[in-house]
Amino acid sequence: ARRDKDGTAIFAVSDQKDVALEVQVTNEPSDPSDPQRDGDDAHQALLVATFPPELPYAALRPDEAGGLVLCLANQNGSRVECELGNPLKRGAQVRFFLILSTSGISIHTTDLAVELELSTTSEQPGLQPVVARARVVIELPLAVTGVAVPPRLFFGGQVLGESAVKRESQVGSAVHFEVMVSQRGPVLKTPGSAMLTVHWPLELPNGKWLLYPLSLELGSPPVSCSPPANPLRLAMVRFRGGWGVQ
């Protein structure tokens, strides 16, 4: 597993719907050199786990060799109680996985903490809660594609100064660039923001216009672009089927 410099686990979120928290509970003597001193059976052994809103409890996945575990969660999945055994035998080891949903994680989630607390009706001094922590890294699988229509342009004809250009037909053929940005997998609850920068040959070495944005057809959902289109300030009118120039 990936870990930060201080040893904290790094939880990378991309397109997975849930994650598994491995839990292992043992009932072993405090001093292995003196096993008869303590380590008796633990009656009504119970684990209580508390989860953050971004990572609610979803399901239990038992380990075949880890013993029988029964878990009961509250309505919103923020708390679960797991019965580990009555009793949990001396020397026993219980291993299971708590399945947690990632549906509440947003681009603003930076860290997660799950508190695990053991209890038993048997004498067991010094039981302290354990906090499992992880830092969150969002890895969005974005992809961008583009196509130009027509794929080939030819330049020619009379050359006009910029001040004389009034119509699209006076500056040559138009080319339509279609750009699509997609994200594979489920969308985050709060996706945050992403930015796409598009470069094209704007002008010649002598400062004459070559290709410049005449109009922007925004997709769904609408996006904002900067700088705005139409640097020559050609008058735009709405006509049937799309945009034209006047």
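Mentor: The model before us is predicted, and the values below are computed from it. Let us begin with the whole chain. The secondary structure consists of 13 strands and 0 helices, so read along the sequence the pattern is β-β-β-β-β-β-β-β-β-β-β-β-β. Of the 246 residues, 23% count as buried.

An open sheet is formed by 6 strands, in the order β1-β9-β8-β3-β6-β5, and the pairing is mixed. At its edges lie β1 (9–13) and β5 (70–73), each of which pairs on one side only. On average, neighbouring strands of this sheet are turned by 25 degrees against each other, direction ignored.

We may follow the order of the strands from β1. This strand pairs with β9 (residues 130–138) in the parallel sense, over 5 bridges; here Phe-11 stands opposite Val-136 in β9. On the next step, β9 and β8 pair in the antiparallel sense over 6 bridges, and Glu-115 has Val-131 in β9 as its bridge partner. Strand β8 (residues 111–119) in turn pairs with strand β3 (residues 45–50), again in the antiparallel sense, over 5 bridges. In that pairing the bridge partner of Leu-47 is Leu-118 in β8. When you inspect these strands, keep one general point in mind: in a regular strand the side chains alternate between the two faces of the sheet.

Gln-44 lies in the loop between β2 (18–26) and β3. Its phi is near 50 degrees, which is a positive value in a residue other than glycine. Gln-44 counts as partly exposed because its relative accessibility is 48%, and the category covers values between 20% and 50%.

Pro-87 is found in the loop between β6 (79–85) and β7 (93–101). The peptide bond leading from Asn-86 to Pro-87 is cis, with omega near 5 degrees. Leaving aside neighbours within four places in sequence, Pro-87 is in contact with Asp-41, Ala-42 and His-43. The C-alpha atoms of Pro-87 and Thr-121 are separated by 9.7 Å, although these residues are 34 residues apart along the chain. With a relative accessible area of 24%, Pro-87 is therefore partly exposed.

Finally, consider the surface. The chain exposes about 17500 Å², of which carbon and sulfur atoms supply 52%. A nonpolar patch of about 680 Å² is made on this surface by Leu-142, Val-144, Val-179, Val-181, Leu-196, Val-198, Trp-200 and Leu-202. Both β10 (142–149) and β11 (176–183) supply at least two residues of the patch. Trp-200, one of its members, is placed in the loop between β11 and β12 (236–239). Because its relative accessibility is 39%, Trp-200 counts as partly exposed.

Methods: Residues are numbered from 1 along each chain as its sequence is written. This is a predicted model: local features need pLDDT of at least 70, side-chain atom pairs count only at pLDDT 80 or more; totals for chains, interfaces and linings use all residues. Side-chain values use heavy atoms; hydrogens and water are left out. Patches are made of residues with over 30% relative accessible area and no salt bridge: like charges are joined within 9 Å, nonpolar side chains (Val, Leu, Ile, Met, Phe, Trp, Tyr) within 5 Å. Accessible areas come from the Shrake-Rupley method with a 1.4 Å probe; for residues, only the protein chains shown count as cover. A salt bridge is a side-chain nitrogen of Lys or Arg within 4 Å of a carboxyl oxygen of Asp or Glu. Helices (H or I, at least four residues) and strands (E, at least two) are DSSP runs, numbered from the N terminus. Buried means under 20% relative accessible area, exposed over 50%, partly exposed in between (1.4 Å probe, protein chains only). Two strands pair if DSSP finds at least two bridges between them. Axes are lines fitted to C-alpha atoms, for helices over the stretch in contact, and angles run from 0 to 180 degrees between N-to-C directions. Contact means heavy atoms within 4.5 Å.
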